[in-house]
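Please read this briefing beside the sequence and the structure.

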Amino acid sequence: MKRSSGVCASIVACLMLASCQPKALREGDLLFHVAPTGNAITEVTPGMIDHVAIVINSDSVIEAVSKGVVITPLDSLLSQQGHYEAASVRRCDRRQSVARARKYLGRAYDFLYLPDNEDIYCSELVQLAFVDRRGRRLFQTVPMSFHNEKGLITDYWKEFYARYNMEVPEGKPGTNPSEMAKRKAVKMKRKWQQRRR
């Protein structure tokens, strides 16, 4: 999705639903993107959530996007279409989890969503980074889903993996942001929504 910049993005960030107080977000909170319309990801996962980012301070998040694992200004993140829902992670060590996420900065994006490579996609970053105070991972993997509500792998994903001469990795261990948002460890806090001029 295209992101706006400059003054417009700053105005957008200050028109978030709830309040103009990005400081209400805490280090280690999660921001889940709710898409305004369906896409290849929402077609095979429950709900309309298609991305997740980790808050590192009141101004920035760390996320895995097409250019890799990067730090993104909060106002740039919030300039996308749709809206974000903020969540906290129960029993997590916020500082240690964010520090672990930072260790993946610069890694390439995992366009193939595979469990056994060095590249990383958005919810995989959360799964790898978040730990409790004893350093134990809070998010386990689940079987990956590339099928629709009828149990059929969609044409999009068949064609996508065919371009790489690969089978669709249906059922392989992984994560997705929509399923992650529904985990018991995740407590949804509020809806953050930008209005457009």
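The model is a predicted one, in which local features need pLDDT of at least 70, side-chain atom pairs count only at pLDDT 80 or more, and totals for chains, interfaces and linings use all residues. Residues are numbered from 1 along each chain as its sequence is written, and side-chain values use heavy atoms, with hydrogens and water left out.

**Val168 and its surroundings**

- Val168 lies in the loop between helix 5 (155-162) and strand 7; helices (H or I, at least four residues) and strands (E, at least two) are DSSP runs, numbered from the N terminus.
- Leaving out residues up to four places away in sequence, Val168 touches Phe146, Ile153, Trp157, Lys158 and Tyr161, contact being defined as heavy atoms within 4.5 Å.
- From C-alpha to C-alpha, Val168 and His147 are 9.9 Å apart in space, while in sequence they are 21 residues apart.

**Helix 3 and Arg94**

- The buried residues of helix 3 (residues 94-102) include Arg94, Ser97, Val98 and Ala101.
- Seen down the axis of helix 3, the buried residues fall within an arc of 95°, so they line one face of the helix; the arc is that of the directions from the helix axis to the C-beta atoms.
- As a general rule, an α-helix has 3.6 residues a turn, so residues three or four places apart point the same way.
- The partners against which the buried residues of helix 3 pack are strand 2 (49-57), strand 3 (60-65), strand 5 (83-89) and helix 4 (122-129).
- At the start of helix 3, a side-chain oxygen of Asp93 comes to within 3.3 Å of the backbone nitrogen of Arg95.
- Arg94, with a relative accessibility of 16%, counts as buried, and the side chain of Arg94 reaches the backbone oxygen of Glu27 at 2.7 Å.
- Apart from neighbours within four places in sequence, Arg94 is in contact with Arg26, Glu27, Gly28, Asp29 and Ser88.

**His83 in strand 5**

- His83 has its place in strand 5, and at 12% relative accessibility this residue counts as buried.
- The side chains of His83 and Glu85 are joined by a polar contact of 3.4 Å, that is, a pair of N or O atoms within 3.5 Å, of which, within protein, one must be able to donate a hydrogen and the other to accept it, and residues adjacent in sequence count only if both atoms are side-chain atoms.

**The cavity**

- A search of the whole structure finds one cavity of 30 Å³ or more; on a 1 Å grid over the protein atoms alone, a cavity is a set of points where a 1.4 Å probe fits but cannot get out, and lining residues have an atom within 4 Å of a point.
- The largest cavity has a volume of about 160 Å³, a volume being the space filled by probe spheres set on the grid points, which are joined across faces, edges and corners.
- Of the 16 residues that line the largest cavity, Ile41, Tyr113, Met144, Thr175 and Asn176 lie nearest its centre.

Key. Buried means under 20% relative accessible area, exposed over 50%, partly exposed in between (1.4 Å probe, protein chains only). On a 1 Å grid over the protein atoms alone, a cavity is a set of points where a 1.4 Å probe fits but cannot get out, and a pocket is an open set with protein on both sides within 12 Å along at least five of seven lines; lining residues have an atom within 4 Å of a point.
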